[in-house]
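Please read the points below alongside the sequence and the model.

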Amino acid sequence: MFGAGDLWETDGTTSGTVKLKDFSPGNNAFGTSGERGSALYKSKMYFYASESTTGTEVWSTDGTEAGTNLLIDANPGASGSIPSIQQSLTFIQDSNYLYFVTRANTNSPYHVWRTDGTTPGTIQLTTAANA
């Protein structure tokens, strides 16, 4: 569950609701439109989040604070990556991999990535021209 730049876990009760990570203290890390897409894959949730050192990038969580981590810094630096314009296509999965699309800015090409859920197993597959 996302809220005001934070990632939360809940069992549906007030006492069972805890903040897992504050990505950008004092800021809305997920922008004004809220969550930018997510996927459940291999018992983890993958999602886009933004923080001051990496910008918007792909993160994963197993539902614990310690298990909430940056998957890959696809566009190193504070500017980050821009998720796919089509939110419904932000993450696509098959039985073996999770796929996602990024771009450095609105004038740059799209990059298609594939992950097995690990940082070493995350690779850029191709670069596509601007749509």
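1. The terms are used as follows: buried means under 20% relative accessible area, exposed means over 50%, and partly exposed lies in between, with a 1.4 Å probe and protein chains only. Pro109 belongs to the loop between S10 and S11. Its C-alpha atom is separated by 5.6 Å from that of Ala128, although the two residues are 19 residues apart along the chain.

2. On the basis of the note, this is a predicted model, in which local features need pLDDT of at least 70 and side-chain atom pairs count only at pLDDT 80 or more, while totals for chains, interfaces and linings use all residues. Residues are numbered from 1 along each chain as its sequence is written, and side-chain values use heavy atoms, with hydrogens and water left out.

3. Overall, the protein has 0 helices and 12 strands. Here helices (H or I, at least four residues) and strands (E, at least two) are DSSP runs, numbered from the N terminus. Of its 131 residues, 40% count as buried. Among the contacts with a separation of 6 or more, 35% are between residues 24 or more positions apart; a contact means heavy atoms within 4.5 Å. The protein exposes about 6900 Å², of which carbon and sulfur atoms supply 52%, with areas from the Shrake-Rupley method, a 1.4 Å probe and, for residues, only the protein chains shown as cover.

4. Strands S2 (residues 6–10) and S3 (residues 17–22) run antiparallel and are joined by 5 bridges; two strands pair if DSSP finds at least two bridges between them. Trp8 stands opposite Lys19 in S3. The hairpin of S2 and S3 has 6 residues between the strands, and Gly12 takes a positive phi near 100° there.

5. Is Ser60 buried or exposed? Ser60 has a relative accessible area of 5% and is therefore buried. Its place is in strand S6 (residues 55–61). Leaving aside residues up to four places away in sequence, Ser60 touches Lys44, Met45, Tyr46, Phe47, Gly67, Thr68 and Asn69.

6. The whole structure contains 5 aromatic pairs. Rings of Phe, Tyr and Trp (its six-membered ring) pair if their centres lie within 6.5 Å; planes under 30 degrees apart count as stacked, over 60 as edge-to-face and the rest as tilted. The Tyr97 and Tyr99 rings are edge-to-face, because their centres are 6.4 Å apart and their planes stand at 65°. Tyr97 is partly exposed at 26% relative accessible area, and Tyr99 is partly exposed at 23%.

7. Phe100 and Trp113 form a stacked pair, with 6.1 Å centre to centre and 0° between the planes. This pair links distant parts of the chain, 13 residues apart: Phe100 lies in strand S10 (residues 98–103) and Trp113 in strand S11 (residues 110–115). Phe100 counts as buried at 1% relative accessibility, and Trp113 counts as buried at 8%. Ring pairs link Phe100 and Trp113 with Tyr48 and Phe91 into a cluster.

8. Which ring does the charged end of Arg114 sit over? The charged end of Arg114 sits over the ring of Tyr97, 4.0 Å from its centre. The criterion is that NZ of Lys or CZ of Arg is within 6 Å of the ring centre and within 35 degrees of the ring normal.
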